[in-house]
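This report goes through selected features of the structure shown below.

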Amino acid sequence: MIVVGAGNAALCAALAAAEQGASVLVLERAPEALSGGNSRFTAGAFRCVYDGVDDLKALMPDLTESEIAQTDFSAYPAEAFFDDMGRLTEYRTDPKLCDLLVTRSRATLRWMRTKGVRFMPIWGRQAYKVDGRFKFWGGLTVEAWGGGPGLVDALYAAARREGVTIAFGARATGLIANDDGVTGVRVRHAGATQEIAAKAVVLACGGFEANAEWRTRYLGPGWDLAKVRGTAFNTGDGLAMALAAGARATGNWSGCHAVAWDRGAPEFGDLTVGDGFQKHSYPLGVMLNAAGDRFVDEGADFRNYTYAKYGAVILRQPGQFAWQVFDAKTAPLLRDEYRIRQATRARADTLEELVARLDGIEPARALATLTAFNAAVMTERAFDPNVKDGRGTRGLPIPKSNWANRIDTPPFEAYAVTCGVTFTFGGLAIDDDARVLHEDGGPIPGLYAAGELVGGLFYFNYPGGTGLMAGAVFGRVAGGAAGRQASGR
Ligand SMILES: Cc1cc2nc3c(=O)[nH]c(=O)nc-3n(C[C@H](O)[C@H](O)[C@H](O)COP(=O)(O)OP(=O)(O)OC[C@H]3O[C@@H](n4cnc5c(N)ncnc54)[C@H](O)[C@@H]3O)c2cc1C
């Protein structure tokens, strides 16, 4: 059987197929040095169900008693995951797909562990230390060792151990299909096109986020101007070839995951920086647009529940950019990505000097906005970054609902951001076995899909850490079913 793509979803599919005794060929469009798709760019964060610390210990046996004593891991029960998926997608998420995602999340991570992927708690980004104790918030607690690169390397090592062949620089260009279904893949490798027969094919080759023309066509005008956070290779090939074979399109084709991303970042992701261009600490500060105005409630919710939709809001601002502003009180709480050398930042000892240094912004208006913001902060409420503290603003046209702190303590810091697109939401319709469905009803024999190119899970927004989890769950399902078909088990 053939798996198209070599990111997290594809490798999980390949491993699950190998378990079924199938002989597996993975086709990866990228050269080896750039392989691994968006998965390699991630921090490796996985959103999974756990009912308490015992579940985490089963996944991370290295967790020490003193770490456990110092930390409030709380729990993330299935009900909370369902609630988050429902609320964030405005209850449009496909119930069957969502059910598989949530109910298989814990078992799938344990299965990945048996393949050699190791996990650890996300101390650095998902927990603040308050009164000597870490507290995890926002349902996202587990990451792969070594982040995305560690995850992909572990999956590649496992695939090689299981006898899976990975061909790099091999771009699938079409499916070989007839009335009986899919019987192989057309592939361009080293300048030559060939046809490879297969008893089953799993498409796991990403969305269309790296295709400016498709972004404009489906997401709308202006999306050609967004930066791509990850791989340049996810240009919608898998979607195009499946649609040509009669697959049914489903989900939020005009929607995508997009975040605040450094304004000076390159057009596509840079593996030496990884996800370091993101700027996700805006709940601790304010964001100003070119007119000098705030344009969004930075503290509406934990960053895990707002970051994926705020990229689109930044794209809609004049000039497609914003400045995030912090002072010396909150600067120590900023995530590690604010410390990278490549950050587009400005610093000053007074707010007057700072606004004069914010490229492209109307300084007098920006200063007035900051002054009005400072006057509106409910200082009578205590600031606590670990909970939705209700420390908001009073009387502003756009409120800040939580974590409002006066920006009054020098030195002041600001970071220029634009919109960075992560992945697209629209995709292929699949059933419970990850079989791709035909427009005319029923599955297309021999064709399976997993990962970003599956439609129907995400609409409008997305809870952080769900992309890798969904890729692993559906990759495992698709690979298992395709592997059984290929091996005749
Ligand atoms: C900077 C960044 C940080 C992120 N952080 C997180 C995080 O911490 N947690 C999380 O859950 N999600 C995160 N995401 C989202 C996450 O990366 C994706 O949801 C997930 O990796 C998608 O996995 P996938 O296997 O479907 O696609 P990918 O990992 O993108 O793999 C697709 C593969 O298909 C290949 N391909 C494309 N076209 C072809 C073709 N024609 N023929 C052959 N191969 C082809 C590509 O080269 C690539 O290897 C992040 C994304 C980015 C960009």
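In this predicted model, the second largest cavity is lined by Cys48, Val49, Tyr50, Asp55, Leu59, Arg106 and Arg110. Two elements, α3 (53–59) and α6 (95–114), are the ones that give two or more residues to that lining. By class, the lining comprises 4 nonpolar and 3 charged residues, with no polar ones. The volume of this second largest cavity is about 40 Å³. A search of the whole structure finds 2 cavities of 30 Å³ or more. Rolling a probe the size of a water molecule over the atoms is a way to show where empty space is left.

**Ligand surroundings**

There are 39 residues around the ligand, and Glu28, Asn38, Ser39, Asp237 and Leu468 come nearest.

The shell around the ligand draws at least two residues from each of α1 (8–19), β2 (25–28), α2 (37–41), β10 (170–178), β20 (412–424) and α14 (466–487). Of the elements, α2 gives the most, with 4 residues. Sorted by class, the shell holds 15 nonpolar, 17 polar and 7 charged residues.

**A three-stranded sheet**

An open sheet is formed by 3 strands in the order β3-β8-β5, with antiparallel pairing. Why is one side of β3 and of β5 left without a neighbour in the sheet? Both β3 (45–46) and β5 (119–121) stand at the edges and have a single partner strand each, so one side of each has no neighbour there. Strands of a sheet pair through backbone hydrogen bonds, in either a parallel or an antiparallel manner.

Between β5 and β8 (residues 142–144) there are 3 bridges, and these two strands run antiparallel. Within this pair of strands, Pro121 stands opposite Val142 of β8.

**Backbone details**

Most residues other than glycine have a negative phi, and most peptide bonds are trans. Where do exceptions occur in this model? Tyr91, a residue other than glycine, has a positive phi near 60 degrees. Tyr91 is placed in the loop between α5 (78–88) and α6; α6 is also one of the elements that contribute to the lining of the second largest cavity.

The peptide bond that joins Pro410 and Pro411 is cis, with omega about 0 degrees. Pro411 belongs to the loop between α13 (363–376) and β20, and β20 in turn supplies at least two residues of the shell around the ligand.

Conventions. Residues numbered from 1 in each chain as written. Predicted model: local features only at pLDDT ≥ 70, side-chain atom pairs only at ≥ 80, totals over all residues. Heavy atoms only, no water. 1 Å grid on protein atoms, 1.4 Å probe; cavity = no way out; pocket = protein on both sides within 12 Å on 5 of 7 lines; lining within 4 Å. Points joined across faces, edges and corners; volume = space filled by probe spheres on them. Nonpolar A, V, L, I, M, F, W, Y, C, P; charged D, E, K, R; others polar. Near = heavy atom within 4 Å. Pairing = 2+ DSSP bridges.
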